[in-house]
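User: I would like to go through this model by question and answer. Please start with the terms, then take the contacts.

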Number of protein chains: 2
Amino acid sequence: MNDSSKILKILKKAPLFENCDPERVALFATQSSIISVEKGQMLFVHEEPAKRFFLILDGWIKTFRETLDGGQVIVDILPAGEIFGETSLFEGEFYPYSAEAVESSRLISMPLSLLKTEIDQDPKMISAMLTNMARIRREQDRELEHLKIQNAPQRIGCFLLRLTKQEEEGQVKIQLPYDKSLVAARLGMQPETFSRALAKLKDATGLEISGSTILLQDIKQLIHYSCSACSSEFPCKDLTEKSGCNL
Amino acid sequence: MNDSSKILKILKKAPLFENCDPERVALFATQSSIISVEKGQMLFVHEEPAKRFFLILDGWIKTFRETLDGGQVIVDILPAGEIFGETSLFEGEFYPYSAEAVESSRLISMPLSLLKTEIDQDPKMISAMLTNMARIRREQDRELEHLKIQNAPQRIGCFLLRLTKQEEEGQVKIQLPYDKSLVAARLGMQPETFSRALAKLKDATGLEISGSTILLQDIKQLIHYSCSACSSEFPCKDLTEKSGCNL
């Protein structure tokens, strides 16, 4: 199978394209390519003119910004299946963040100019963009709420609970998807704050940590500890609902 | 002028409607009404089935959620000109937050069912929704960044700077738009944290507070203090750019 037919097969299943006219998806496939990037490689830089957007096939991509005094703020750590760079269309066609591979990754690289043209012509495409935007907005909403009201140990607990299958009961083993230092940065915590908060969470819920594996003796303890300071009940609605869009 | 023609005149200038077919806007006007609410009155409750969405004519509306343990998280304090409740369309038609008037306010109340129908039929309407969603997303993005990287005094400084005309120089007087306690809640701070942070900001930048008036001896000091921990330079791009959407 050549790249273009491989890409076509993948795009057809991607939320942004699944309801679109097949000819439009085919057009994207012919103008896209699969690229490989090494750990630490930059995909693009914040405020650069945006030319391409990306779908992650495997690996992890960090999106972030730098402050004027040299700090780094992580916007997200994106897993396989996620699309990024596409919202540049609504930011004057400049990238709204930088993107860097946090481990070697493979991606589909697509032209943003084509997305712009197709959105103008296909109401299904613009509707898919809107659903996608609503999902990002909802996730940001939750993150904002938690940054405002949860303490640091609760936020780590919430991060862990979102890694579970959500319907599990009793003893549960969780595998951290990436480095603890990256988890800290993703949660907007200094490494020392993260360590202290993790120790507090351990005391409060009895979880055990061994390398990148976390063992919960009873998932209920962690739910009780973290989810009381959240406006949504566990299981997390945004993870269990198929789609929030009724259009 | 009757309510319907008053509403039509206002809706024609609202970002959500300004590019739409005039007959569609007229349809909204005939199905909408102007309502008055007292301070403390609820417009709707989080997770209630969503029937109406609103445009604020005057006053201030607080959107918020309650956590399971009884805490309140403020999502936003919305001024005149803002629309709210409309994103329920992407939340399974349930309100994603509660809404309450923080002072007596007047609003246009519009049926959500009509918005749903019209979005399906008018690409300009869906495009306006997308632009609106992108703007909310961008604001949330900034707020997330600041919650993660700015300290409390810097966040108050940023809030104050966003109340200025942005092109002002030298001595600047700022009027707080609402109660200090509400500013604290809007920024996700406990009242004590807010008081301490405000005192620190005073020491660092020499600002003077008298009731709800803040006097800056030199706006540059505040810019230097707050904006160094931001990925965007002052003046704030999202306030100075007309629209980020190129579609």
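Analyst: A salt bridge here is a side-chain nitrogen of Lys or Arg within 4 Å of a carboxyl oxygen of Asp or Glu. The model is predicted: local features need pLDDT of at least 70, side-chain atom pairs count only at pLDDT 80 or more, and totals for chains, interfaces and linings use all residues. Residues are numbered from 1 along each chain as its sequence is written, chains are lettered from A and ligands numbered from 1 in the order in which they are written, and side-chain values use heavy atoms, with hydrogens and water left out.

User: How much area do chain B and chain A bury between them?
Analyst: Buried area is the accessible area (1.4 Å probe) that two parts lose on being put together, summed over both. Contact (heavy atoms within 4.5 Å) takes 51 residues from chain B and 52 residues from chain A. B:Phe90, B:Arg137 and B:Lys148 supply 16% of the area that chain B buries against chain A, more than any other three residues. Carbon and sulfur atoms carry 60% of the total, which is about 4900 Å².

User: Which element gives the largest share of the side of chain B that touches chain A?
Analyst: Helices (H or I, at least four residues) and strands (E, at least two) are DSSP runs, numbered from the N terminus. In chain B, strand S4 (61–66), strand S5 (72–78), helix H3 (112–121) and helix H4 (123–149) give two or more residues to that side. The largest share is 17 residues, and it comes from H4(B).

User: Why does the pair A:Arg24 and A:Asp122 tie together parts that are apart in sequence, and by how many residues?
Analyst: These two residues form a salt bridge, the closest N and O atoms being 3.3 Å apart. Both A:Arg24 and A:Asp122 are buried (under 20% relative accessible area, with exposed over 50% and partly exposed in between; 1.4 Å probe, protein chains only). A:Arg24 lies in helix H2 (residues 22–30) of chain A and A:Asp122 in the loop between helix H3 (112–121) and helix H4 (123–149), so the parts tied together are apart in sequence by 98 residues.

User: Is A:Arg135 buried or partly exposed?
Analyst: A:Arg135 forms a salt bridge with A:Glu82, with closest N and O atoms 3.3 Å apart. A:Arg135 lies in helix H4 of chain A and A:Glu82 in the loop between strand S5 (72–78) and strand S6 (83–84), so the pair ties together parts 53 residues apart in sequence. At 28% relative accessibility, A:Arg135 counts as partly exposed.

User: Is A:Thr164 buried or exposed?
Analyst: A:Thr164 lies in the loop between helix H5 (152–161) and strand S9 (172–175) of chain A. Not counting residues up to four places away in sequence, A:Thr164 touches A:Val172, A:Ile174, A:Ile219 and A:Phe234. With a relative accessible area of 9%, A:Thr164 is buried.
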